Amino acid sequence: MLLVPCAIHVARQEQKDVSVFFDDAKFWKSCCKTGLCFIFWASFLMYLSYSLLESWDFLFSTYGFILSVGNLQPNLGLFWYFMLEMFEHFRLFFIWVFQINAFIYTIPLSIKFRDHPVFVMLIQLILISVFKSYPAIGDTVVYLALIPLWSHSFHYLRNTLVVSVMLTVSSIIAPIMYQLWMYAGSANANFFFAVTLVYNAALIFLATDVSYAVLRREFSLLHGIPLDDDGNEKPVTLQ
C-alpha cells in the first residue's frame with residue numbers, strides 16, 4: 001500500500017515537483033516503471049529466500065501468518081478480541097473486512113493528497129498501525145518520528161490535547177490491565193480491550209487532525225487567512 005504514494009513521489013521528482021495530473025502519460029509511465037521495479041526486486045528476494053531455505057513455507061510463516069491471524073494472543077490491535085468473540089463460520093469474512101481496511105484508503109488518500117505523497121505515506125503508516133493484526137512499538141515510533149516534518153501545519157491542529165492524553169493514558173494503563181488480567185486474575189479481557197480501543201481511537205484522531213491541519217494550511221496559502229472585524233482568524237469549513 002506504500003507503493004502508490006512512493007510511485008507518485010518518484011513521478012513528481014522526475015517532473016520537477018510539478019502538480020500531479022492523472023491524465024498525463026508521463027506520470028503513468030513513471031508509475032509503471034516504479035511498479036515493475038518493485039515486482040522485480042520483490043520476486044528476486046522471494047526467490048533468494050527460496051534458494052536459501054529450499055522451501056516456500058516461509059511465505060505462510062511471514063505474510064500468511066499476518067493475513068490469516070492464526071495467533072490470537074492479546075495485543076494493542078483490534079483483531080484478537082473480535083476473532084475470539086466471532087462465530088467460526090463468520091471468521092473468514094471478518095478477516096477479509098479487517099484486512100481490506102488497511103488498503104482501501106490508499107486510493108482516496110492518493111487522489112486527495114496527490115501533491116503530498118510523503119504525507120500520504122504518514123497517514124498510511126498510522127492506518128497500518130491501527131488495522132495491523134499484530135501491531136508493535138516499532139510501528140508507532142515510525143510515524144511519530146515523521147510527524148515533525150509537518151510542524152509548519154501544527155498551528156491548525158485542533159485535538160492535540162485529546163490525542164496526547166489518550167495516547168499517554170492508554171500507554172500507561174495497557175500494561176497494568178494486562179498484568180491484572182493475565183497474572184493477578186483480577187481483571188478480564190474487556191478491561192484490556194477497552195484500553196486498546198482508546199489507543200486506536202487516539203490514532204484515528206491523530207490521522208484526521210493532521211490531515212485537517214495540512215488541508216487547512218493549504219487552503220490558507222491559496223485563499224489567504226480570512227479575518228473578522230476584530231482581527232481574529234475566522235473559522236473555515238473545509239468541504
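Does Val69 count as buried or exposed, and what is the relative accessibility of Val69?

Analyst: Val69 counts as buried, at 1% relative accessibility. Buried means under 20% relative accessible area, exposed over 50%, and partly exposed in between, with a 1.4 Å probe and protein chains only. This is a predicted model, where local features need pLDDT of at least 70, side-chain atom pairs count only at pLDDT 80 or more, and totals for chains, interfaces and linings use all residues. Residues are numbered from 1 along each chain as its sequence is written, and side-chain values use heavy atoms, leaving out hydrogens and water.

Now the backbone. Val69 lies in the loop between helix 3 and helix 4. Helices (H or I, at least four residues) and strands (E, at least two) are DSSP runs, numbered from the N terminus. Phi of Val69 is near 55°, a positive value in a residue other than glycine.

Glu54 also has a phi near 55°, again positive and again in a residue other than glycine. Glu54 sits in the loop between helix 2 (25-53) and helix 3. Glu54 is exposed, with a relative accessible area of 67%.

Next, helix 3 itself. The axes of helix 3 (residues 57-68) and helix 5 (residues 91-101) come within 9 Å and cross at roughly 105°. The two helices are therefore roughly perpendicular, a term for angles of 65 to 115 degrees. Axes are lines fitted to C-alpha atoms, for helices over the stretch in contact, and angles run from 0 to 180 degrees between N-to-C directions. Ile66, Leu67 and Ser68 in helix 3 meet Arg91, Ile95 and Gln99 in helix 5. Contact here means heavy atoms within 4.5 Å.

The largest nonpolar core has 40 residues. Such a core is a set of buried Ala, Val, Leu, Ile, Met, Phe, Trp, Tyr and Cys residues joined through side-chain atoms within 4.5 Å. Phe119, Leu122, Tyr143, Leu203 and Leu206 touch the most other members. Helix 5 is among the elements that give two or more residues to this core, as are helix 4 (79-85) and helix 10 (189-223). Helix 10 gives the most, with 11 residues.

Finally, the whole chain. It has 10 helices and 0 strands. Of its 239 residues, 34% count as buried, and Val69 is buried too.

Methods: Parallel < 35°, antiparallel > 145°, perpendicular 65-115°, else oblique.
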